[in-house]
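User: Please take one part of this model and go through it closely. I want to know how it sits among its neighbours.

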Amino acid sequence: MPDGEGLDDRVPFLARLEREDRVALLGLGRELSFASRAPLLRQDEPSSYILLIINGWTKVTTSAPNGYEALHALRGPGDIVGESASLTGRPRSATVTALSPVRAVVVPHEKFRAFVTGSAEISLTLLALTADRTRAADRRSLEFAAMTVRERFAVLLLDLAHTHGVRTDEGIELDIPLSKQELAGAVGASREMVQRLLKDLRARGIVLTGRRAMVIVRPDSLRRIARAQESVRPPVGHEAPQTPQTPQTPQNGPRTLR
């Protein structure tokens, strides 16, 4: 929990609601399934519904006029997406794409707004979620501005190990399929730069890559890279996340990043 108070921005919306409210909200919509890499929402399109993710993971991205795609967040079970457009009446501000098969409940805007405005507690819960997400994004922007691309990439891999890491005999496998382009979009770099960084990390035995997956063999080395410039850059109050503790061994080897 940041600063020892409140909820982390990664605590999803449904987990913040009381059980009765959670059941009521899910009952307002209908369940849909999305294939891996299918878009759930598209940037700049008109909106008429919000989505509550039940299973699977998605990425939230925005595209610049020159085609560059920035990766802003990963949203998974219990998360809400599309709520900003629902409350403001504006077009979608980002694209949400499935990274794996996704099941989600679709709730029309009118029903969602009535649900939120009908309870001060639920309204405050949604406001708190928005504030937590904004605060986390601002904090990350400040941290990244003080880092080199190499340091940003190390911090990203550590974050992914913390949130999506699975212990294996080889190390910590990132249990989410992100391509090199998507990794680049998360740290504000080019695909070619990420490819060079990965090549260097592989050569030094810090990571292993296989088919669309990665194993972090030496997280301590990533921490040293992330902190390499601490003596010369402004303090940002960021501590690299610790590696996950749940042991689990996959049956297949790592998969190659695209």
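Analyst: Helix α7 is followed by Gly 188, whose phi is positive, near 70°. Helices (H or I, at least four residues) and strands (E, at least two) are DSSP runs numbered from the N terminus. The model is predicted, so local features need pLDDT of at least 70 and side-chain atom pairs 80 or more, while totals for chains, interfaces and linings use all residues. Residues are numbered from 1 along each chain as its sequence is written, and side-chain values use heavy atoms, without hydrogens or water.

α7 is mostly covered, with seven of its eight residues buried (under 20% relative accessible area; exposed is over 50%, partly exposed in between; 1.4 Å probe, protein chains only). These seven are Lys 180, Glu 182, Leu 183, Ala 184, Gly 185, Ala 186 and Val 187. They pack against β4, β5, α5 (120-145), α6 (149-164), α8 and β12 (213-216); contact means heavy atoms within 4.5 Å. Across the protein, 45% of the 258 residues count as buried.

One of these partners is α8 (residues 191-203), which packs against α7 at an angle of about 100°, with the axes 8 Å apart. Axes are lines fitted to C-alpha atoms, for helices over the stretch in contact, and angles run from 0 to 180 degrees between N-to-C directions. α7 is therefore roughly perpendicular to α8 (65 to 115 degrees; under 35 is roughly parallel, over 145 roughly antiparallel, the rest oblique). From α7, Lys 180, Gln 181, Leu 183 and Ala 184 make the contact; α8 supplies Arg 191, Val 194, Gln 195 and Leu 198. By class this contact has four nonpolar, two polar and two charged residues (Ala, Val, Leu, Ile, Met, Phe, Trp, Tyr, Cys and Pro are nonpolar; Asp, Glu, Lys and Arg charged; the others, Gly among them, polar).

Turning to the strands, α7 (residues 180-187) lies across β4 and β5 and runs at about 95° to β5. Both strands belong to an open, antiparallel sheet of four, ordered β2-β7-β4-β5; strands pair if DSSP finds at least two bridges between them. β2 (39-41) and β5 (69-75) are at the edges with a single partner strand each, so one side of each has no neighbour in the sheet. From one strand to the next, the twist averages 30°. β4 (residues 58-63) pairs with β7 (residues 95-98) in the antiparallel sense over four bridges. Thr 61 has Thr 95 of β7 as its bridge partner.
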